[in-house]
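Please read the points alongside the coordinates.

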Amino acid sequence: MNLEKAAKQLEAIGNPTRLRVYRTLVRAGNNGLPVGRLQTKLGIPASTLSHHLQRLVATGLVTQERQATTLICRASYPAMNGLIGFLADECCADVGCVASEEEAVA
């Protein structure tokens with residue numbers, strides 16, 4: 001993952017409402033949630049939810065699939081894991097991780 005993509009994804013989940021939406025979809029698992037159920041769970045207006053979902057979809061953190069008349073939203077776990085990996089990849093690269101070494105001994 002490059003720095004630009006990571007920054008856009010972090011910016012997207014930097015909004016409290018989008019973070020709530022994203023965490024709700026992460027909790028929903030691979031089945032995801034229909035937009036209507038997501039709206040009910042979060043208690044936010046449909047237009048607000050649509051706006052925030054568009055941003056999450058644009059950054060690749062959420063996918064959407066139409067099933068007949070229902071729009072299913074899912075967290076993209078590969079994108080989430082890529083972002084987490086990007087953040088952790090160089091942990092203590094310049095000095096060595098003291099915490100990791102202590103955990104390994106325990």
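**Helix packing**

1. Helices α3 and α4 are roughly perpendicular to each other, a class that covers angles of 65 to 115 degrees. The model is predicted, with pLDDT of at least 70 needed for local features and 80 or more for side-chain atom pairs, while totals for chains, interfaces and linings use all residues. Residues are numbered from 1 along each chain as its sequence is written, and side-chain values use heavy atoms, without hydrogens and water.

2. The axes of α3 (residues 35-42) and α4 (residues 46-58) cross at roughly 110° and come within 10 Å. Axes here are lines fitted to C-alpha atoms over the stretch in contact, with angles from 0 to 180 degrees between N-to-C directions. Helices are DSSP runs (H or I, at least four residues) numbered from the N terminus.

3. The crossing of α3 and α4 is right-handed, that is, the near helix is turned clockwise from the far one by less than a right angle. Val35, Leu38, Gln39 and Leu42 of α3 make the contact with Ala46, Leu49 and Leu53 of α4 (heavy atoms within 4.5 Å). This contact comprises 6 nonpolar residues, 1 polar and no charged; Ala, Val and Leu are among those counted as nonpolar, Asp, Glu, Lys and Arg count as charged, and the others, Gly among them, as polar.

4. For α2 (residues 16-28) and α3, the axes come within 11 Å and cross at roughly 120°. α2 is therefore oblique to α3, oblique being what remains once angles under 35 degrees (roughly parallel), over 145 (roughly antiparallel) and 65 to 115 are set aside.

5. The crossing of α2 and α3 is right-handed. In α2, Arg20, Val21, Thr24 and Leu25 meet Leu38, Lys41 and Leu42 of α3, a contact with 4 nonpolar, 1 polar and 2 charged residues.

Definitions and conventions: Helix = DSSP H or I, 4+ residues; strand = E, 2+ residues; numbered from the N terminus.
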